[in-house]
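Open the model in your viewer and keep the selection tool ready.

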Amino acid sequence: LQEYIYNTNPRSNDTDSDSMDDCWEIIYGLDPRDPADADEDLDGDGLTNVEEYNIGTMPNNADTDSDGMDDCWEICNNLNPLAYDSDMDIDNDGLSNIQEYLYSTNPRSNDTDADGMDDFWEIIYGLDPINPTDALEDLDNDGLTNIEEYDLRTRPDNSDTDGDDIDDFWEITHWLNPLMPDSYFDYDEDGLTNIQEYSYNTNPWSLDTDGDGMDDCWEIMYGLDATDASDAVQDLSLIHI
């Protein structure tokens, strides 16, 4: 009777020979007598109707398992469009599959753009996990590229990660720790704290930055330049303190 109602062939389960069963086509509103609908995409998810049939997904629903991720995206990324797996984190990068879907990142790679920085880290700091060129950019203009910040574990969006008022770049180039507030330490015991060394651009590991035989602290105290060795031969009597 149903074959009669739908005018399908009672001796064939696929009247139009489009590789989709008549019953399946009827259930999902397709025409079991029209072979052309096999190559159509009823739900606009990127999968043709016959592909949906072969996979087992619904041709009239772009998200068969209702997990928030389109069937085609799941198929393209080797996920299961028939199982609710949006909360899983297959690549262990800190992003769930649904987050990977929303950011267009690869759920099977922790570094989608292969720029050396994890997707999760890039997203946290406002970088683009699908743009490899941002690895060589300097988001906070502190002299360190984003990839250098990643390797050092400093913040690419803050030039002073540890908040000690000394720029990360200066700390790195002067062998200080940009992840630990050490502005009031005096490593070279010259009477100048690290923050003072930073202000005068002197070496926090040397008593005599310019090697002129006069201690940095003494030079600064008397208005000399602790980074200029030529002032050692000046006539101090001419300097008004």
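Contact here means heavy atoms within 4.5 Å. The model is predicted: local features need pLDDT of at least 70, side-chain atom pairs count only at pLDDT 80 or more, and totals for chains, interfaces and linings use all residues. Residues are numbered from 1 along each chain as its sequence is written, and side-chain values use heavy atoms, with hydrogens and water left out.

Select Asp-134. It sits in the loop between helix 6 (119–124) and helix 7 (146–152); helices are DSSP runs of H or I, at least four residues, numbered from the N terminus. Now show its surroundings. Beyond its neighbours within four places in sequence, Asp-134 is in contact with Asp-113, Asp-115, Met-117, Glu-122, Leu-127, Asp-128 and Asn-146.

Is Asp-134 buried or exposed? Buried (under 20% relative accessible area; exposed is over 50%, partly exposed in between; 1.4 Å probe, protein chains only). Yet Asp-134 has no salt bridge. That term means a side-chain nitrogen of Lys or Arg within 4 Å of a carboxyl oxygen of Asp or Glu. For charge, Lys and Arg count as positive, Asp and Glu as negative; His and the chain ends are not counted.

How many salt bridges does the structure hold? There are 2.

Go to Arg-155 and Asp-157. Their side chains form a salt bridge, 3.0 Å from N to O. Arg-155 is partly exposed at 32%, and Asp-157 is partly exposed at 35%.

Finish at Asp-31 and Arg-33. Their salt bridge puts the closest N and O atoms 3.5 Å apart. Asp-31 is partly exposed, at 29% relative accessible area. Arg-33 is partly exposed too, at 46%.

Key
Helices (H or I, at least four residues) and strands (E, at least two) are DSSP runs, numbered from the N terminus.
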